[in-house]
Amino acid sequence: FPIFGMAPAGIPVCVAGIIYLLIASNFLLKDRKSGGAEDLVKNPRQYTIALTVMERSPIVGDSIQGAGLRNLEGLFLVELTRSDGTSFPAPSHEVIIQAGDILLFAGVVETVTELYHIPGLVPATAQSDKINLERHRRHLVEVVISRSSDMVGYTVKETKFRTRFGAAIIAVHRHGEHVTQKIGDITLRAGDVLLIECGADFVEQFGKNHTFALVSEVNNSTPPREDLLHMLIAASATAVLIAITTAELMDILTVTLLCTFAMALTGCMTLAQAGAAVSIPVLLTIACSFGVSAGLQYSGAAGALAGFIVDVFSFAEIGLLFGIYIGTALLSAVITNNAAVALMFPIVAGSPDGIIYTENVNAYAALYTMMFAASSSFSTPIGYQTNLMVHGPGGYTFLDWVIFGIPLNVVTCIVSVVCCYFIYTD
């Protein structure tokens with residue numbers, strides 16, 4: 001199958017999906033307000049953190065609503081201060097963000113890390129700029145000041161924290177209070193929780209230091225790399241991968257591995273980051289699903305399931321495509337799309353009992369229909385990883401997914417099956 005083989009059918013499916021989103025989102029989705037002051041009362045561990053909007057940030061020129069800073073769960077935009085000193089307490093969603101603005105947020109640490117992943121948002125504290133470490137190599141760590149710490153009773157500036165630990169304090173939490181003083185002027189107390197920006201070795205180096213009662217790294221807190229050179233290298237590697245695969249000059253696995261090594265050697269990512277991107281549970285799930293798939297085929301179950309689909313949907317060839325789509329989509333709603341394809345493949349294309357062989361269905365039409373269905377998990381938050389990624393920050397409920405997702409599944413089902421039936425005829 002060519003890499004862009006699905007495009008003739010995929011483009012109409014994409015257009016139909018976008019039209020549905022634009023229309024249905026106005027009346028099927030409720031406006032989920034989150035990240036307001038009421039959330040701050042419910043969660044006991046909050047930080048107040050100031051971030052500066054750099055000139056290169058993509059949110060410059062956007063409204064607060066358009067930049068996605070209004071409805072972050074567990075986070076509230078307390079104040080926006082312009083570079084000329086003009087202040088907007090609790091700014092409205094229509095306020096336009098400008099380069100040099102200082103955004104003061106109050107919220108939980110998990111949402112603070114989301115802000116760190118927005119390019120061009122950096123801590124407003126001057127100490128952060130003095131850390132001798134590239135931003136994409138920094139992490140967020142929470143530390144608790146112990147009762148025996150020699151920093152108790154002194155201001156942050158007096159403790160020379162950055163010089164001593166090679167880290168910068170960017171926020172302080174104190175027993176439910178929102179500490180809004182300038183970081184350098186805060187007098188530290190025993191039990192204060194400090195959110196600090198530091199290198200990857202901080203936990204190992206100071207984890208047992210008597211100054212801290214507890215040291216804990218914040219997960220997924222490393223900001224993205226932003227330098228233009230490595231962006232160009234990564235984009236070029238991706239373009240080369242697509243070009244070589246499209247021209248069928250090399251196997252896709254081989255060229256992908258070569259591009260991965262090239263990005264690692266040029267510093268676009270570390271080997272540790274490359275290794276972390278490989279999900280062992282997902283690989284094991286896919287591997288096990290191949291075993292189940294083989295069992296379905298050799299036991300005759302695949303043939304029986306194929307016969308069931310034929311009996312129900314055999315009113316026309318396009319009806320069989322609808323059967324393939326529905327069967328794959330139902331599986332994909334409860335297991336990964338890779339596993340769903342592995343289980344459906346012997347039913348659709350297993351020789352000699354697969355639907356392609358017994359009903360003489362076009363192989364491209366059947367297999368592309370199966371691919372579309374496996375990637376159409378819109379009706380549950382657990383259907384795909386990206387669903388879970390937006391479920392919490394968007395404040396959605398399970399019922400939201402059902403109400404909004406099932407009609408979208410119906411739209412993509414109809415458009416993809418019809419397109420596959422009429423486009424892939426040879």
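The structure described here is a predicted model. The chain has 426 residues, and 42% of them are buried. Its secondary structure comprises 18 helices and 10 strands.

Side chains of opposite charge can pair when their charged atoms come close. In this model there are 3 salt bridges. One of them links Asp 101 to Arg 82, with 2.5 Å between the closest N and O atoms. Asp 101 sits in the loop between β3 (87-89) and β4 (102-107), while Arg 82 belongs to the loop between β2 (75-81) and β3, so this pair ties together parts that are 19 residues apart in sequence. Asp 101 has a relative accessible area of 0% and is therefore buried. Arg 82 is buried as well, because its relative accessibility of 13% falls under the 20% cut-off.

Another salt bridge joins the side chains of Asp 150 and Arg 164, at 3.0 Å from N to O. Here the loop between β6 (139-145) and α5 (156-159) supplies Asp 150, and helix α6 (residues 161-165) supplies Arg 164, so the pair ties together parts that are 14 residues apart in sequence. Asp 150 is partly exposed, with 42% relative accessibility. Arg 164 also counts as partly exposed, at 37%.

A further salt bridge is formed by Arg 174 and Asp 192, whose closest N and O atoms are 2.7 Å apart. Arg 174 is part of strand β7 (residues 168-174) and Asp 192 lies in the loop between β8 (177-178) and β9 (193-198), so the bridge ties together parts that are 18 residues apart in sequence. Both Arg 174 and Asp 192 are buried.

Helix α6 also contains Phe 165. With a relative accessibility of 6%, Phe 165 is under the 20% limit and so counts as buried. Which residues is Phe 165 in contact with, leaving aside its neighbours within four places in sequence? They are Met 151, Phe 202, Phe 206, Asn 209, Thr 211 and Phe 212. Gln 205 is 40 residues away from Phe 165 along the chain, and the C-alpha atoms of these two residues are separated by 9.3 Å.

Attention now turns to helix α18 (residues 398-423), where Asp 400 is found. Asp 400 is buried, because its relative accessible area of 7% is under 20%. The side chain of Asp 400 reaches the backbone nitrogen of Thr 397 at a distance of 2.9 Å.

Rolling a probe the size of a water molecule over the atoms shows where empty space is left. The second largest pocket has a volume of about 560 Å³. Its lining consists of 18 residues, and those nearest its centre are His 136, Thr 222, Met 269, Thr 270 and Gln 273. Which helix gives the most to the lining of this second largest pocket? Helix α10 (residues 271-276) does, with 4 residues. By class, the lining of the second largest pocket is made up of 8 nonpolar, 8 polar and 2 charged residues.

Technical notes
Residues are numbered from 1 along each chain as its sequence is written. This is a predicted model: local features need pLDDT of at least 70, side-chain atom pairs count only at pLDDT 80 or more; totals for chains, interfaces and linings use all residues. Side-chain values use heavy atoms; hydrogens and water are left out. Helices (H or I, at least four residues) and strands (E, at least two) are DSSP runs, numbered from the N terminus. Buried means under 20% relative accessible area, exposed over 50%, partly exposed in between (1.4 Å probe, protein chains only). A polar contact is a pair of N or O atoms within 3.5 Å; within protein, one must be able to donate a hydrogen and the other to accept it, and residues adjacent in sequence count only if both atoms are side-chain atoms. A salt bridge is a side-chain nitrogen of Lys or Arg within 4 Å of a carboxyl oxygen of Asp or Glu. On a 1 Å grid over the protein atoms alone, a cavity is a set of points where a 1.4 Å probe fits but cannot get out, and a pocket is an open set with protein on both sides within 12 Å along at least five of seven lines; lining residues have an atom within 4 Å of a point. Grid points are joined across faces, edges and corners, and a volume is the space filled by probe spheres set on the points. Ala, Val, Leu, Ile, Met, Phe, Trp, Tyr, Cys and Pro count as nonpolar, Asp, Glu, Lys and Arg as charged, and the others, Gly among them, as polar. Contact means heavy atoms within 4.5 Å.
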